[in-house]
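Please look over the sequence and the model before reading the comments. They are written for someone meeting this structure for the first time.

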Amino acid sequence: VARVALSGRRGAVHVRLTVARAVVAAFPQPFREGRRCPVVAALVTQGVNEAQTLANSIIGDTRLQETINRRGLDLITAYYDKWRSFFRGRDVESPPSPAAAAVAAAAATAE
C-alpha cells in the first residue's frame, strides 16, 4: 500500500510517494536516502476491446482517442528506450517493450 501526495504547479509537479519499509529496502541506496527522481507521466484513454469497439461504432469518431493513445504510447516507448539504454550491460532484467505489453494485454482481453 502506498500513499501519494501531489504539490507544485503546472510544469513542475512534485509527487511524494510513501511506501512500506520493505519496499524501500529494495531501492538502490541513493533512493533509500531520499534522493529525488524524475517522473514521466503519459496519458492514455480507455483500452481497445470488443465493448469499446461497439461503443466506437455507435459514437463514430475515435480520432481524438487514437491521437491521445498514440502520443501516450510514444512517450512511454521513448522512456522505455532511455531506461534500457541506461541499464544496458548491467545485471537488470528488462521488461517487455510497452508496445509488446500492450499487444499482450489486448490479446489476453480478447480471450
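The points below take up a helix, its salt bridge and a pocket.

1. This is a predicted model, in which local features need pLDDT of at least 70 and side-chain atom pairs count only at pLDDT 80 or more, while totals for chains, interfaces and linings use all residues. Residues are numbered from 1 along each chain as its sequence is written, and side-chain values use heavy atoms, with hydrogens and water left out.

2. Gln65, Asn69, Gly72 and Tyr80 of α4 are buried (under 20% relative accessible area with a 1.4 Å probe and protein chains only; exposed is over 50%, partly exposed in between).

3. The whole structure holds one salt bridge (a side-chain nitrogen of Lys or Arg within 4 Å of a carboxyl oxygen of Asp or Glu). Arg70 pairs with Asp74, their closest N and O atoms being 3.3 Å apart; because these residues are four apart in α4, about one helical turn separates them. Arg70 is partly exposed at 48% relative accessible area, and Asp74 is likewise partly exposed, at 42%.

4. The lining of the largest pocket draws at least two residues from each of β1, β2, α1, α2 and α4, with β2 giving the largest share, six residues.
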